[in-house]
Amino acid sequence: MTLSVYLERRREITDGAPLMMDVQRAVQRSLNPAGLDLTKLHDETRSDPQITAVLVAAANSAAQHHGKAVQTLAQALHRFGSGQSMNLILGLALKRSARLSDPFLADYAERYWELSLHTAEHARKLARLLDLDQDRCYCAGMLHRLGDLALLRCLQEWKQAGGELDDREEVGNALAEFGAGYGSELRMRWRLPLELRELIAAVYQLGGGVYSREALVMNMAAQLALLTEHEGIEELARSRTARLLKIGLPELMRLRKK
């Protein structure tokens, strides 16, 4: 079997992204004499894309669904309560290839995770500045590279099964060809709420027609996350997205410094 065929077949059954943190330690740090502190657990795990995606998806499943859709990790944790939340999170660590042990692939994952973190943080700050839903924007930013991370997990499984993975170019080509498709597949198969999926899509591009202010925030946050220290902020301040949000260079400069 070629790598391309393997990745094509794995797309519909992938378990998602690797864990980017030690979940047992996160749970232990969230315990106090009275039990599990959900607020502390949220703070410990909110920066992990896989935990966020799985709990939001599970909270919106038919068995759990009660009225309004769950669109953030905080909402999912409160829907499940401390015991079930802890079991779900700890259970993720027991899955095959839950952590990336291959240093080569782990290095790629770290970079995509960093990009997710920067996008999520910029989105949260922009949303706060504009009096929008900070948690939902943060969640969308955290999930926008879920597909790339899931693909890296599948590449580790390919290597563990005896497949060859020769160089960075091969990994880069696989990410370019399959990363976006893996993300779309996971968001649909896990039935993430449409509103959340639309915010994730806005990270990459704004479609035609009317967009929400939160969609504009996500697009701006992604552009901010991609800027190097000395490039492009003046150009970004002149962009259509900035004009629609009514954000200028002074606000963008302050956001980058925080």
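Two residues are said to be in contact when they have heavy atoms within 4.5 Å of each other. Leaving aside neighbours within four places in sequence, D15 is in contact with Q50, R153 and W190. D15 sits in the loop between α1 (3–10) and α2 (23–29); helices here are DSSP runs of H or I with at least four residues, numbered from the N terminus.

The model is predicted, so that local features need pLDDT of at least 70 and side-chain atom pairs count only at pLDDT 80 or more, while totals for chains, interfaces and linings use all residues. Residues are numbered from 1 along each chain as its sequence is written, and side-chain values use heavy atoms, with hydrogens and water left out.

**Pockets and the cavity**

On a 1 Å grid over the protein atoms alone, a cavity is a set of points where a 1.4 Å probe fits but cannot get out, whereas a pocket is an open set with protein on both sides within 12 Å along at least five of seven lines; lining residues have an atom within 4 Å of a point. Grid points are joined across faces, edges and corners, and a volume is the space filled by probe spheres set on the points. In the table, Ala, Val, Leu, Ile, Met, Phe, Trp, Tyr, Cys and Pro count as nonpolar, Asp, Glu, Lys and Arg as charged, and the others, Gly among them, as polar.

| Space | Volume | Lining by class |
|---|---|---|
| Largest pocket | about 260 Å³ | 7 nonpolar, 4 polar and 4 charged residues |
| Second largest pocket | about 190 Å³ | 8 nonpolar, 1 polar and 3 charged residues |
| Largest cavity | about 70 Å³ | 5 nonpolar, 3 polar and 2 charged residues |

The largest pocket is lined by 15 residues, and E198, A202, G207, Y211 and A215 lie nearest its centre. Two or more lining residues come from each of α10 (194–204) and α11 (213–226). The largest share of this lining, 5 residues, belongs to α10.

The lining of the second largest pocket includes D15, Q50, V54, R153 and W190. The elements giving two or more residues to that lining are α4 (49–59) and α5 (73–92), and α4 gives the most, with 3 residues. Although D15 and V54 are 39 residues apart in sequence, they are 9.6 Å apart in space, C-alpha to C-alpha. D15 is partly exposed, with a relative accessible area of 30%; buried means under 20%, exposed over 50%, and partly exposed in between, with a 1.4 Å probe and protein chains only.

The structure holds 1 cavity of 30 Å³ or more. Among the residues lining the largest cavity are H42, R46, L73, A74, D135 and M142. Both α5 and α7 (134–143) give two or more residues to this lining, and the largest share, 4 residues, comes from α7.

The buried residues of α5 include L73, A74, F80 and G81. What covers the buried residues of α5 includes α2, α3 (38–45) and α4.

S116 is found in helix α6 (residues 103–129). S116 counts as buried because its relative accessibility is 0%. Not counting residues up to four places away in sequence, S116 touches G141, M142, H144 and R145.
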